[in-house]
Amino acid sequence: MQIGEVKPMANFETPLALLSDCHRRVEKFLGVIETVATEGRGRELSAEYRAGLETALRYFQQAAPLHTQDEEASLFPRMREVGGNDVVEALVKLDGLEADHRAAEPLHEEVDVLGRKWLDEGTLPPEDTGRLVEAITRLRSMYASHIALEDTFVFPLAGRVLDEESLSSVGREMADRRGIPTVVTPGFSRCAERRNTTS
């Protein structure tokens with residue numbers, strides 16, 4: 001199991017590509033938790049599995065919420081303002097994506113509580129292990145369709161209907177959420193992460 005970083009491919013000057021990059025991190029860290037839960041089965045964790053679980057839990061607690069804000073506070077509102085037939089069709093999908101965000105919250109909370117209990121206590125009882133596996137499995141299923149819709153429909157549509165100024169504003173707001181200077185070095189990426197957090 002590899003727990004290293006997903007190689008950044010975009011920066012805040014290309015916010016739509018960066019949002020898609022963040023999806024790769026979501027998929028990676030969901031996979032890490034699923035692997036630890038299904039293979040560890042509540043037993044004492046190896047050093048590698050412990051490090052992987054700690055990193056993944058930290059990502060979903062600290063960094064992933066910023067990605068949700070990027071979409072709901074920066075990208076989606078600008079798309080709603082544009083109008084046009086394509087965007088009208090997309091509005092229904094955007095509502096559904098925001099509903100997915102709300103539905104994922106209690107599942108993430110359960111994963112966090114159970115994962116940290118495992119880390120703190122060294123082992124996890126069978127009933128808790130079952131709950132952890134079920135919660136992460138539901139999240140993986142939910143995110144699969146959610147991410148596919150955003151990567152193949154929503155983000156490409158945003159790239160067509162939003163002008164350069166709007167997209168630049170999205171990127172600046174994403175950077176601001178993370179305390180990153182507005183002028184960024186080409187190739188620099190923090191995806192959904194705050195400065196000085198571990199990815």
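Predicted model: local features only at pLDDT ≥ 70, side-chain atom pairs only at ≥ 80, totals over all residues.
1. Axes are lines fitted to C-alpha atoms over the stretch in contact, with angles from 0 to 180 degrees between N-to-C directions. Helices are DSSP runs of H or I, at least four residues, numbered from the N terminus.

2. Helix 1 gives P15, L16, L18 and L19 to this contact (heavy atoms within 4.5 Å); helix 5 gives L167, V170, G171 and M174. By class there are seven nonpolar, one polar and no charged residues. Ala, Val, Leu, Ile, Met, Phe, Trp, Tyr, Cys and Pro count as nonpolar, Asp, Glu, Lys and Arg as charged, and the others, Gly among them, as polar.

3. Helix 1 (residues 15-40) also meets helix 4 (residues 126-161): their axes come within 10 Å and cross at roughly 165°. That makes the two roughly antiparallel. The contact of helix 1 with helix 4 has 14 nonpolar, seven polar and six charged residues.

4. The largest pocket has 25 lining residues; A64, P65, T68, H108 and Y143 lie nearest its centre. Helix 1, helix 2 (47-82), helix 3 (85-121) and helix 4 each give two or more residues to the lining. A pocket is an open set of points on a 1 Å grid over the protein atoms alone where a 1.4 Å probe fits, with protein on both sides within 12 Å along at least five of seven lines; lining residues have an atom within 4 Å of a point. The lining divides into ten nonpolar, eight polar and seven charged residues.

5. Residues are numbered from 1 along each chain as its sequence is written. Local features need pLDDT of at least 70, side-chain atom pairs pLDDT 80 or more, while totals for chains, interfaces and linings use all residues; side-chain values use heavy atoms, without hydrogens and water.

Note on methods. Parallel < 35°, antiparallel > 145°, perpendicular 65-115°, else oblique.
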